[in-house]
Amino acid sequence: MRQCAEIRKTNETEITVNLNIDGSGVHKINTGIKFFDHMLEQLAHHSGFDLEVNVISHDKDNHHIVEDTAITIGTALSKALGDKKGITRYGEKILPMDEALVLCVVDLSGRVFSKVTAELRDEKTSDFETVILPHFFSSFAQAALMTIHIKMLDGYDTHHIIEAIFKSFARALKTAVSYDKNNLDKVPSTKGIL
């Protein structure tokens with residue numbers, strides 16, 4: 001089983017993550033931000049990862065909660081993948097949610113890059129500040145050592161756009177971490193490492 005328990009403690013937050021890549025989407029999420037909890041539930045469900053996240057916030061700053069949660073989940077993912085031998089490495093998904101349409105492409109390359117291109121008309125949806133969204137993926141990419149490209153193709157409802165982003169990211173990750181049955185003993189790179 002590819003799994004990892006990760007704890008991150010700072011002066012701002014204490015975060016515990018339990019991640020099982022080869023799970024069935026079972027999740028238990030408590031970040032203190034309702035909408036963010038909902039998005040992480042989507043991440044677990046659509047990736048098939050078993051995911052437990054518990055956050056204690058010392059400064060009650062949503063930015064720190066989202067950033068540190070992204071770092072902790074990303075670190076757990078990187079550790080659970082190990083040497084990445086046998087994985088597909090790349091994943092992509094175009095995903096609709098009502099009027100919203102989002103493209104996500106990921107590469108578990110060991111190289112860090114993240115770009116989120118989305119027109120979000122509202123500063124908040126529920127209790128989530130939308131300005132934090134690109135920072136979540138940037139922090140995730142840095143911790144997981146991966147490349148993430150997310151592009152909104154259509155949409156106007158902020159909730160739908162963000163939810164489509166998390167679902168497409170989850171589905172792209174599901175593909176990228178899946179095993180390539182023809183190359184189980186190989187790292188998917190001509191360099192021999194990722």
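This is a predicted model: local features need pLDDT of at least 70, side-chain atom pairs count only at pLDDT 80 or more; totals for chains, interfaces and linings use all residues.
**Figure 1. Lining of the largest cavity.** In this lining, nine residues are nonpolar, one is polar and none is charged. The residues concerned are Leu 19, Leu 43, Ala 44, Ser 47, Phe 49, Leu 51, Ile 73, Leu 77, Phe 140 and Leu 173. Two elements, helix H1 (34–47) and helix H2 (62–81), each give two or more residues to the lining of the largest cavity. H1 gives the most, with three residues.

**Figure 2. Volume of the largest cavity.** The structure has one cavity of 30 Å³ or more. The volume of the largest cavity is about 50 Å³. Rolling a probe the size of a water molecule over the atoms shows where empty space is left.

**Figure 3. Met 97 and its contacts.** Met 97 belongs to strand E5, which covers residues 90–97. Its relative accessible area is 17%, which is under 20%, so Met 97 counts as buried. Leaving aside residues up to four places away in sequence, Met 97 touches His 160, Glu 163, Ala 164 and Lys 167.

**Figure 4. Met 97 and Lys 60.** These two residues are separated by 37 residues in sequence. In space, their C-alpha atoms are 31 Å apart.

**Figure 5. Two buried cysteines.** Cys 4 has a relative accessibility of 14% and counts as buried. Cys 104 is also buried, with a relative accessible area of 0%. With a cut-off of 2.5 Å between cysteine sulfur atoms, the count of disulfides in the structure is zero.

Key. Residues are numbered from 1 along each chain as its sequence is written. Side-chain values use heavy atoms; hydrogens and water are left out. Helices (H or I, at least four residues) and strands (E, at least two) are DSSP runs, numbered from the N terminus. Buried means under 20% relative accessible area, exposed over 50%, partly exposed in between (1.4 Å probe, protein chains only). Contact means heavy atoms within 4.5 Å. On a 1 Å grid over the protein atoms alone, a cavity is a set of points where a 1.4 Å probe fits but cannot get out, and a pocket is an open set with protein on both sides within 12 Å along at least five of seven lines; lining residues have an atom within 4 Å of a point. Grid points are joined across faces, edges and corners, and a volume is the space filled by probe spheres set on the points. Ala, Val, Leu, Ile, Met, Phe, Trp, Tyr, Cys and Pro count as nonpolar, Asp, Glu, Lys and Arg as charged, and the others, Gly among them, as polar.
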